[in-house]
Amino acid sequence: MSSVLRIHWTIAPEIAPRPLINCNRCGFVKAYRCSGKFRVNANGKRIDVWLIYRCVDCDNSWNFGIFERCNRRDIAPALLAALESNDPALAQRHAFDVVALRSQVGRVEEFSDVVVQKQVVGDGAEGGTALELRLGLEIPVSLRLDRLLATELGISRSRLQALEELQLLVIDPDGARALRKHARDGTIIRIDLAGEADRHAVISAAGG
């Protein structure tokens, strides 16, 4: 049996980014939360669609533009039905589009809270001495890779750096630079724990 335990981590953000907007009711810049509701306005053949946000303090509304003066024929019937029914998955997809949010408001509050689902791939390696972690993200997260690994493996970021310097931790792509970047879909992390006294605890934590 291989001594390498291969695990797939599926990572999902818990809290959607919140645009920071000058609330005309509060009189200050406030964070706005996604309501999960779309507003669809049809004017003849033209359709405007917004995702509605609410001020966290006074509930004042702000509209995040999704479609502007779009021809009805250019929107697939299934998509239009999802918008009109406030499809939760579609609302979530737009709520986590931080690039689009920034393009409309400039300042956005992001959160690093994530949920990690861990699945061992193939046969588990009892007494294994190495890990191969593959990251899966459908939605980008605002969490550095070193923080993710430290939290989920129960080891310090300085130790991760030391393992990398000893070439016992290898990241594909980007190498050591990836530790200081946000966790990305498709990243593969390989860690040789053969000489580590706590390898069983680390491997157990990696597999959940």
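Colleague: What is the relative accessible area of aspartate 174?
Modeller: Aspartate 174 counts as partly exposed. That class lies between buried (under 20% relative accessible area) and exposed (over 50%), with a 1.4 Å probe and protein chains only. This is a predicted model, where local features need pLDDT of at least 70, side-chain atom pairs count only at pLDDT 80 or more, and totals for chains, interfaces and linings use all residues. For aspartate 174 the value is 25%.

Colleague: Which residue forms a salt bridge with aspartate 174?
Modeller: A salt bridge puts a side-chain nitrogen of Lys or Arg within 4 Å of a carboxyl oxygen of Asp or Glu. Residues are numbered from 1 along each chain as its sequence is written, and side-chain values use heavy atoms, leaving out hydrogens and water. Here the closest N and O atoms are 3.7 Å apart.

Colleague: How many salt bridges does the structure hold?
Modeller: Side chains of opposite charge can pair when their charged atoms come close. One network of salt bridges links Arg6, Glu132 and Arg190. The count for the structure is 14.

Colleague: How many residues apart are lysine 118 and glutamate 152?
Modeller: Their side chains meet in a salt bridge at 2.9 Å, N to O. The pair links distant parts of the chain, with lysine 118 in strand S7 (residues 114–120) and glutamate 152 in helix H4 (residues 145–153). Helices (H or I, at least four residues) and strands (E, at least two) are DSSP runs, numbered from the N terminus. The separation is 34 residues.

Colleague: Which helix holds arginine 159, the partner of aspartate 198?
Modeller: Aspartate 198 and arginine 159 form a salt bridge, their closest N and O atoms 2.7 Å apart. Aspartate 198 sits in the loop between strand S10 (188–192) and helix H6 (199–207), 39 residues from arginine 159. Both are partly exposed: aspartate 198 at 27%, arginine 159 at 21%. Arginine 159 belongs to residues 157–165, helix H5.

Colleague: Within what arc do the buried residues of H2 fall?
Modeller: In helix H2 (residues 88–95), the buried residues are Leu90, Ala91, His94 and Ala95. They line one face of the helix because of where they fall as seen down its axis. The arc is taken over the directions from the helix axis to the C-beta atoms. It spans 135 degrees.

Colleague: Which residues are exposed on the other side of H2?
Modeller: The buried residues of H2 pack against strands S3 (29–43), S4 (46–55) and S5 (61–71), and against helices H1 (77–84) and H3 (98–105). Contact here means heavy atoms within 4.5 Å. On the other side, the exposed residues are Pro88 and Arg93.

Colleague: Which are the edge strands of the open sheet?
Modeller: The sheet has 5 strands in the order S5-S4-S3-S2-S6, with antiparallel pairing. Two strands pair if DSSP finds at least two bridges between them. Each edge strand pairs on one side only. They are S5 and S6 (108–109).

Colleague: What angle does the direction of H1 make with that of S3?
Modeller: S3 and S4 pair in the antiparallel sense over 9 bridges. H1 packs on the sheet, touching S3, S4 and S5. Axes are lines fitted to C-alpha atoms, for helices over the stretch in contact, and angles run from 0 to 180 degrees between N-to-C directions. For H1 and S3 the angle is about 125 degrees.

Colleague: How many of the 10 residues of S4 are buried?
Modeller: S4 also pairs with S5, antiparallel, over 8 bridges. In S4, tyrosine 53 stands opposite cysteine 34. The strand is mostly covered, and its buried residues number 8.

Colleague: Which residue in the turn of the S4 and S5 hairpin has a positive phi?
Modeller: The S3 and S4 hairpin has 2 residues between its strands, with glycine 44 in the turn at a positive phi of about 70 degrees. S4 and S5 have 5 residues between them. The phi there is about 75 degrees, and the residue is aspartate 59.

Colleague: How far apart in space are glutamate 138 and isoleucine 11?
Modeller: Glutamate 138 lies in the loop between strand S8 (130–136) and H4. At 81% relative accessibility, it counts as exposed. Glutamate 138 and isoleucine 11 are 127 residues apart in sequence. In space, C-alpha to C-alpha, they are apart by 7.9 Å.
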